[in-house]
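We will go from stop to stop, with something to pick at each one.

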Amino acid sequence: SRPHGVVLKVYKGSEVVSLVRLGGNGEAWEHTFGRVSEANTRLDHASISRQHAKISMDLKGHVVLTDLASAHGTRVDNTKMAAHKPQTLRNG
C-alpha cells in the first residue's frame, strides 16, 4: 500500500530541528529544500546549501531522496549520500 503522506525529520547532529509534512492523497509529488526562497521548504542555516536536496514520491509510493550537490552533504542513517544519486527511503 502507498503511504498517505511522509513526515521528514531534519536533524542537526542528534537534535531534530524541524518536522516537515510532505505529500498526501496518494499522488506523486516532489519537494525541494534549501536556503533559496524558491525552495518548498526554506532552511536558513549556514550548513544548508541554496539548493540542498529534493525528496519525491512516485505513483507506486516509493519515496526517493536526492542530494543536489550540496556543500555539506545529505545523510541517510548517518551515511553521506553521493550527489545526484537518488536513494529510495524506507519507512522508519
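The strands around them, β6 (63–67) and β9 (87–88), run antiparallel and are joined by two bridges. Strands here are DSSP runs of E with at least two residues, and helices are runs of H or I with at least four, numbered from the N terminus. Two strands pair if DSSP finds at least two bridges between them.

Before moving on, note that this is a predicted model, in which local features need pLDDT of at least 70 and side-chain atom pairs count only at pLDDT 80 or more, while totals for chains, interfaces and linings use all residues. Residues are numbered from 1 along each chain as its sequence is written, and side-chain values use heavy atoms, with hydrogens and water left out.

**The sheet**

Now colour the strands β4, β3, β5, β6 and β9. In that order they make an open sheet of five strands with mixed pairing. Its edge strands are β4 (41–42) and β9, each of which pairs on one side only.

**The hairpin**

Next, select β1 (6–12) and β2 (15–22). These two strands pair in the antiparallel sense over seven bridges. They form a hairpin with two residues between them, and in the turn G13 has a positive phi of about 70 degrees. Highlight V6, and you will find L22 of β2 standing opposite.

**The nonpolar core**

Which residues have the most contacts inside the largest nonpolar core? Show the side chains of L8, V20, L22, W29, F33, I55 and L65, and you have them; the core has 16 residues. At least two residues come from each of β1, β2, β3 (29–34), β5 and β6. A nonpolar core is a set of buried Ala, Val, Leu, Ile, Met, Phe, Trp, Tyr and Cys residues joined through side-chain atoms within 4.5 Å. Buried means under 20% relative accessible area, exposed over 50%, and partly exposed in between, with a 1.4 Å probe and protein chains only.

**The largest pocket**

Select L8, K9, V10, Y11 and R75. Of the 37 residues that line the largest pocket, these lie nearest its centre. About 1500 Å³ of space lies in this pocket. A pocket is an open set of points on a 1 Å grid over the protein atoms alone, where a 1.4 Å probe fits, with protein on both sides within 12 Å along at least five of seven lines; lining residues have an atom within 4 Å of a point. The volume is the space filled by probe spheres set on the points.

Which strand gives the most to the lining? That is β1, with seven residues. Strands β5 (53–57), β6, β7 (75–76) and β9 each supply at least two. By class, the lining has 16 nonpolar, 15 polar and six charged residues. Here Asp, Glu, Lys and Arg count as charged, Ala, Val, Leu, Ile, Met, Phe, Trp, Tyr, Cys and Pro as nonpolar, and the others, Gly among them, as polar.

**Loop stops**

Go to the loop between β4 and β5 and pick S49. S49 is buried, with a relative accessible area of 11%, and a polar atom of its side chain lies 2.8 Å from the backbone nitrogen of A71. Is H52 buried or exposed? At 8% relative accessibility, H52 counts as buried. The backbone oxygen of G73 lies 3.1 Å from a polar atom of the H52 side chain.

Move on to D77, in the loop between β7 and β8. D77 counts as exposed at 58% relative accessibility. Its side chain is joined to that of R90 by a polar contact of 2.9 Å, meaning a pair of N or O atoms within 3.5 Å; within protein, one must be able to donate a hydrogen and the other to accept it, and residues adjacent in sequence count only if both atoms are side-chain atoms.

N78 is also found in the loop between β7 and β8 (79–80). Most residues other than glycine have a negative phi. N78 is not a glycine, yet has a positive phi of about 65 degrees, and at 66% relative accessibility N78 is exposed.

Finish at H84, in the loop between β8 and β9. H84 has a positive phi of about 60 degrees, although it is not a glycine, and is exposed, with a relative accessible area of 52%.
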